[in-house]
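Subject: Structure for your review

Dear colleague,

Please find the structure below, followed by a summary of what was found in it. I would be grateful if you would read the two side by side.

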Amino acid sequence: MAIKNGIPEGYSTITPHLIVKGAAKAIEFYGKAFGAEEIYRLPMPDGTIAHADLRIGSSLLWLADENPQMGNMAPAGPGSNAASVVLHVADADKVFARAVAAGAEVVQPVTEMFWGARFGQLRDPFGHKWSIATQVREVSPAEIVEAMKRMAQGK
C-alpha cells in the first residue's frame, strides 16, 4: 500500500468508523443497501469482527463489532446516535428505496431540500442514521441562508 503525506492510498482525510452489534450482518446489509464492497476483514477468535474496511463508491468505511473492553460501543438503541453518515449518490431515491428494501427504517423520506439536494434520512438495522443525498441544483450560500430564514418563519 502506497502512502502519501501519511495517508494510505485509497483513503481520504476522514474515514467514518461505525461500531455495531453484528458486524457480519452489517457488512451484508451495507452491501445490499448501499452497494458496499468488503475490502478487508479482521476476525477475532470468538468470531466477532475487530475491523473491516468497506468501500462505498469512492469512500472507505471502517466497521467493527461492539467491544466494551476497548471502549467501542454501538448505539444504545432506537433513536440514539452521536453521529450520522451522509452518502452522496447519483440517485438518492433509488439508493434510499434499495436501503429500505434491505431493512432500513425511514426517518425522513427523500424530499427536495432548500439547499438544492434530494435528501432523505434512514436508520440502519444497527442503529446508525444515514442521510442519502443527490445535489440536483446549485444554490448559493446567500440563497441557503434566506431559505433557512423563511423555513424558520414557517413560510
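Apart from its neighbours within four places in sequence, L87 is in contact (heavy atoms within 4.5 Å) with F34, I56, V95, W130, S131, I132 and A133. The model is a predicted one, in which local features need pLDDT of at least 70 and side-chain atom pairs count only at pLDDT 80 or more, while totals for chains, interfaces and linings use all residues. Residues are numbered from 1 along each chain as its sequence is written, and side-chain values use heavy atoms, with hydrogens and water left out.

L87 is also one of the residues with the most contacts inside the largest nonpolar core, together with Y30, F34, L63, L122, W130 and I132. This core has 29 residues. A nonpolar core is a set of buried Ala, Val, Leu, Ile, Met, Phe, Trp, Tyr and Cys residues joined through side-chain atoms within 4.5 Å; buried means under 20% relative accessible area, exposed over 50%, and partly exposed in between (1.4 Å probe, protein chains only). Among the elements that each supply at least two residues of the core are α1 (23–34), β7 (84–88), α2 (92–102) and β10 (129–135). The most comes from α1, with 7 residues. Helices (H or I, at least four residues) and strands (E, at least two) are DSSP runs, numbered from the N terminus.

I49, in strand β5, is buried, with a relative accessible area of 2%. Leaving aside neighbours within four places in sequence, the contacts of I49 include A23, A24, I27, L42 and L63.

L42, in turn, belongs to strand β4 (residues 37–43) and is partly exposed, at 38% relative accessible area. With I39 and Y40, L42 forms a nonpolar surface patch of about 270 Å² of accessible area together. Patches are made of residues with over 30% relative accessible area and no salt bridge, like charges being joined within 9 Å and nonpolar side chains (Val, Leu, Ile, Met, Phe, Trp, Tyr) within 5 Å. Accessible areas come from the Shrake-Rupley method with a 1.4 Å probe; for residues, only the protein chains shown count as cover.

The whole structure holds 4 salt bridges, a salt bridge being a side-chain nitrogen of Lys or Arg within 4 Å of a carboxyl oxygen of Asp or Glu. One of them joins R118 and D93 at 2.7 Å, N to O. As R118 lies in strand β9 and D93 in helix α2, the pair ties together parts that are 25 residues apart in sequence. Another joins K32 and E28, whose closest N and O atoms are 3.2 Å apart; these two are 4 residues apart in helix α1 and are therefore separated by about one helical turn.

Finally, the chain has 3 helices and 10 strands, and 35% of its 155 residues count as buried.

Yours sincerely,
A colleague
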